[in-house]
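Please view the sequence and the structure first.

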Amino acid sequence: MLTVLLVRHGRSTSNAAGTLAGRTPGVELDEQGHRQAANLAGRLRDITIDRVISSPLERCRQTLAPLADELGVSVETDDRLLEVDYGSWSGRELKDLLHEPLWRVVQAHPSAAVFPGGEGLAEMSARAVDAIRSIERAAVADQTVLVCSHGDVIKAILADALGLHLDAFQRIVVAPSSVSVVRYTPLRPFVERINDTGDPILAKPPPATAPTDESTPPERPAAGGGSDHSSDAVPGGVTR
């Protein structure tokens, strides 16, 4: 049996700026993200982890650094766990992307979404799931493996484990520094935990503010005036 801990990186400078990072160079954890990374190490220090595998992007490696020091483990990298290649959308402000016709496709029919000059979400899902399958094949005994990646990548892995079509993956919430747990058995995967941030459970989400991270996309006008409070997901992020 393989137990996979799916960890999303902590809050990044791009999250704080309300931009879509993608694979843009120079995106790192912000101050809050570093605190989240330290807290993550405390939350997981008592778990026996056999392997730690990460997206090669800096914000993921920074998220794992305190945990790797705590456990004395080395961090492997796998390009299949990279963030989505958003092409010409990379680095743009989320408030501007809301008005792109492709935005609605990303929300309602993501399996058909291909980013201009980048990759499709279906391609991303295939490579991400393939990475997990490779980890499963390499496990010669019961193992616990920590995988650190990005919002959409983790949501795609969870959708596969849940037996969901990719078009339903926007219903899954994966916040910065969250942990999700999947146990892979010969019969089927069992999803044991999703989006565990270690924070108190809220009866309702906090009120929307300025886009300080990907979990809070900017407001946009609703038909007939007023604000639209629908739960649209952000590429690479989570619903608000």
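Which residue in E5 is the bridge partner of Val 4? The bridge partner is Val 182. The model is predicted: local features need pLDDT of at least 70, side-chain atom pairs count only at pLDDT 80 or more, and totals for chains, interfaces and linings use all residues. Residues are numbered from 1 along each chain as its sequence is written, and side-chain values use heavy atoms, with hydrogens and water left out.

**Sheet**
- An open sheet of mixed pairing is formed by 6 strands in the order E3-E2-E4-E1-E5-E6; strands are DSSP runs (E, at least two residues) numbered from the N terminus, and two of them pair if DSSP finds at least two bridges between them.
- Strand E3 (76–77) and strand E6 (189–196) are at the edges with a single partner strand each, so one side of each lacks a neighbour in the sheet.
- Strands E1 (residues 2–8) and E5 (residues 179–184) run antiparallel and are joined by 6 bridges.

**Helix H5**
- Helices are DSSP runs too (H or I, at least four residues).
- Leu 102, Trp 103, Val 106 and Gln 107 of helix H5 (residues 101–108) are buried, that is, under 20% relative accessible area with a 1.4 Å probe and protein chains only.
- Seen down the axis of H5, these buried residues fall within an arc of 145°, taken from the directions from the helix axis to the C-beta atoms, so they line one face of the helix.
- Pro 101 and Ala 108, on the other side of H5, are exposed (over 50%; partly exposed lies in between).
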